[in-house]
Amino acid sequence: MKYPVSEIVKIFENAEVQGDASVELSGIASLDKATESDLSFLGNKKYSAEVPTTKAGAVLLPRKYDGKLPEKSTIIRVDNPSAELAKLGEIIEKVLWPKIKPAIHPTAVIDESAKIGENVFLGPNVVICEGAEIGNGTVLQGNNYIGRYVKIGENSHIMPNAVVMDYCELGKRVRLQPGVVIGSDGYGYELIKGVHVKVPQTGKVVVEDDVEIGANTCIDRARFDKTLIGKGTKIDNLVQIAHNVQIGQGALLVSQVGVSGSTSIGNYCVLGGQVGVAGHLKIADGVMIGGQSGVNGDLKPPADHKQGTPYVVRGTPPRPYMKAHKIDALIGHLIELFDRVKDLEKNAGLDKKTF
């Protein structure tokens, strides 16, 4: 399918076109790989140097971009190129993966006490156990196990091989990617007479509305009460969330994050890739933690932190972002510093050396 720029820009907000609006586009590509039939974009200033040399038929640029432009590309200026491209991606997604029509596959196994809403799709080998409730318009694509007394809200989408264990609850419009496990036992043992005795995990997991959980992520049921994932939170692939963790609204957890038991993460927090968080901690609203950080204490902005700006930290232990940068830079000069101290000691005639 080919569409002229003049048609594509209709879905963008207040787009300004410079150049030939009749250019036809049939694909989306990065700046360095785009051809004359592709639409490209500058979503990260890191790639600004690739703008002048791109061969894209059209380029989405920030409205305030003042760098050199490509010679042959049509320029489309918008406030947020990445956000506008997402609108186009949503249209393409609907074409590539059209909405699944309601149906129940003959291999689905449904307990007679389960409540199945209207316009539901239950794919091959779906198992729905005693007392479970499936909301209107929800899709279970296949090989899903829905445990006893599970509740799944309307218009949720459970992709293949995802599992929701007994008594857990999913809100409306929840999206589970393949391989997600909701409600696996929390990791708890007591050492009694030399034996690790399992602590029963009798709580549940509650996932609120509009949450998306990435492939092969595991969220453990609580030892008691509930493990909570707040409304609108987005969790990446391969994330581990332990028992009784509480995550607020609108948080972002990137791939391979691990959160230990009974930790509380506030609203709109961001945890970069491979962040590890110890148990029984509190992370305040809006805290942003850089990738591969190790959090071993509570985190909240200091009293002098400017209100309304993110509190960004990184490292192990986490420190304010720029301070962590400076420490890393100084570490690179440690050998030189030690050598200078040795010279000072030698020149001072000290018998005992510090290093």
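1. A friendly start with the second largest pocket: α1 (5-8), β4 (27-28) and α2 each give at least two residues to its lining. Helices (H or I, at least four residues) and strands (E, at least two) are DSSP runs, numbered from the N terminus. A pocket here is an open set of points on a 1 Å grid over the protein atoms alone, where a 1.4 Å probe fits, with protein on both sides within 12 Å along at least five of seven lines; lining residues have an atom within 4 Å of a point.

2. Please keep in mind that this is a predicted model, where local features need pLDDT of at least 70, side-chain atom pairs count only at pLDDT 80 or more, and totals for chains, interfaces and linings use all residues. Residues are numbered from 1 along each chain as its sequence is written, and side-chain values use heavy atoms, with hydrogens and water left out.

3. Back to the second largest pocket: α2 contributes the most to its lining, with five residues. Among the 15 lining residues, M1, Y3, L88, I91 and I92 are the closest to the centre of this pocket.

4. The largest pocket is lined by 20 residues, with E93, W97, K99, H157 and R175 nearest its centre. Helix α2 (residues 81-96) supplies the largest share of that lining, three residues.

5. On to the rings: the structure has two aromatic pairs (Phe, Tyr or Trp rings, the six-membered one for Trp, with centres within 6.5 Å; planes under 30 degrees apart are stacked, over 60 edge-to-face, the rest tilted). Y149 and Y167 are stacked, at 5.6 Å centre to centre and 15° between the planes. The pair of Y187 and Y189 is edge-to-face, because the ring centres are 5.3 Å apart and the planes are at 75°.
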